[in-house]
Amino acid sequence: MSELNELTRRLLAEGYTPEDTPPGMQAYKQHEGGWTYERETLKKMVFETPCGLLVEGSRFITGYMSTRGVTWRPENDNPVVTCPHFTAEPCPLRHPSLQQERYALHEDDIIYQCACHQTDRPFTFEGSVEEAHKRVWQEADVLWEQFQAAHKGRVCRQQSYYGRTTKSWYAYYSPMRCTSYWLGCTRCSILDKDLVPQRGNVFYDVRKTWIEKGDGLFPDEQRISIEKGCKLLDKTVSLTICEAIVKYGKHDAVQHVMSEFHHDLFFDRSLKVEILNLRAARIDARDILQDLQDVANGIQVTHAADTLKAAKEQKKARRAAAKRQRIRKVEQMILTHGWANLDGLWQRRAEKLLDDERIEELLQQRKEASVQKPPEELQLSLF
């Protein structure tokens, strides 16, 4: 940012120079447009919207907006806030450059930015932007009670969203969401049933089909593999939720799993991935006869549980090998330097890796080795 902000222009006109920092300002920085307010200075300032709502300066500490060739910040006396009225059409009081600046995840919840100006009015909660936002959600609470009654209680606030522009509640149902947040529910209002205490997971199989490139005279070959018993969820949940995912949330579950294969699918155009046999269970049961049939049909069959177990065993083996290496190193240090000559770090490592009996054994070996070592031959010198 090379253009000077309005605050800097005013202070320069008053006689300040970049080398002299005015009270309550941060040091002059060209890329910030000159001087900027210190945090404590900004906290004491009060701004107001064009319609007269009060805004505390602390709201603008975390950053500013720059769009349509304008930098909207306190130093330009135009920081922006979200309009708390959430109207469908832009407010005529809004700055002309912000009339078309709108954000909307849904057409029933349109967000407009509103530029503020500094005011000498003292801040009060009454008549503030915060109070206006509070009234929005108070109204939402009242409308939620009506919405819930209209659906005879078969809605969940965690599975609904409120359109602040249309002042309407909308419900959806994704049982996968119930696994992402610990809501502490014992009963599902949407399913209208209690959650069973038995916990489980959602299992699925992954079938992959791809072309194995041939070599020389050997032609390309189609390969098929199936990995069975993959877990959808990172942790177990009530079987009621698991069954709901299989019955009502299959699409979300498949999309969640397929996201893991985006990289492979992008770089191998012959690869095809299918998510099969989505099922809810406490423990996944293997169908040995089906496994044998798949193998007979030329399909490579693996089980996620076996793959995970092998990975854990390999990790355990690597850790054991690393520990043995550390033990050998600390034993060599004791044999070479003794105990008294070891620094504190190596002594602590030895006490952690070796018991007292082993340390004493090593020290005894060192002592015996030093006794048995033949004395160095004396050189006779004629001089």
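**Entry 1**

I started at Tyr162, which is buried at 6% relative accessibility. I kept in mind that this is a predicted model. Next I wanted to know how many aromatic pairs the whole structure holds, and the search gave ten. In one of these pairs, the ring centres of Trp137 and Tyr162 are 5.9 Å apart and the planes sit at 50°, so I noted the pair as tilted. I then looked up where the two residues lie. Trp137 is in helix 3 (residues 129-150) and Tyr162 is in strand 9 (residues 160-163), so this pair ties together parts that are 25 residues apart in sequence. Trp137 comes out as partly exposed, with a relative accessible area of 38%.

How are the rings of Phe266 and Phe267 arranged, stacked or edge-to-face? I found them edge-to-face, with 5.0 Å centre to centre and 85° between the planes. Phe266 is exposed at a relative accessible area of 51%, and Phe267 is exposed at 61%.

**Entry 1: salt bridges**

On to charges. Side chains of opposite charge can pair when their charged atoms come close. My count for this structure came to 25 salt bridges, and I looked into a few.

Glu32 and Arg73 were on my list, with their closest N and O atoms 3.1 Å apart. Glu32 lies in the loop between helix 1 (6-13) and helix 2 (39-44), while Arg73 lies in the loop between strand 4 (70-72) and strand 5 (80-82), so the bridge ties together parts that are 41 residues apart in sequence. Is Arg73 buried or exposed? Arg73 is buried, at 5% relative accessibility.

I then moved to Glu274 and Arg207, whose side chains meet in a salt bridge at 3.5 Å, N to O. Here the bridge runs between strands: Glu274 is in strand 16 (residues 272-281) and Arg207 in strand 13 (residues 199-212), so it ties together parts that are 67 residues apart in sequence. I noted Glu274 as partly exposed at 26% relative accessibility, and Arg207 as partly exposed at 23%.

Glu3 is exposed, with a relative accessible area of 51%, whereas Arg9 is partly exposed at 38%.

**Entry 2: a negative patch**

Last, I looked for charge gathered on the surface. Glu351, Asp355, Asp356, Glu357 and Glu360 form a patch of negative charge there. Which element gives the patch its largest share? I traced it to helix 11 (residues 356-372), which supplies three residues. Glu351 has its place in helix 10 (residues 344-353). I looked up its cover as well: Glu351 is exposed, with a relative accessible area of 51%.

How values were computed
Residues numbered from 1 in each chain as written. Predicted model: local features only at pLDDT ≥ 70, side-chain atom pairs only at ≥ 80, totals over all residues. Heavy atoms only, no water. Patch = residues over 30% accessible without salt bridge, like charges linked within 9 Å, V, L, I, M, F, W, Y side chains within 5 Å. Areas by Shrake-Rupley, 256 points an atom, 1.4 Å probe, with all protein chains shown as cover. Salt bridge = Lys/Arg side-chain N within 4 Å of Asp/Glu carboxyl O. Lys, Arg positive; Asp, Glu negative; His and termini not counted. Charge placed at Lys NZ, Arg CZ, Asp CG, Glu CD. Helix = DSSP H or I, 4+ residues; strand = E, 2+ residues; numbered from the N terminus. Buried < 20%, exposed > 50% of the residue type's maximum accessible area, 1.4 Å probe, protein only. Phe/Tyr/Trp six-rings, centres within 6.5 Å; stacked < 30°, edge-to-face > 60°.
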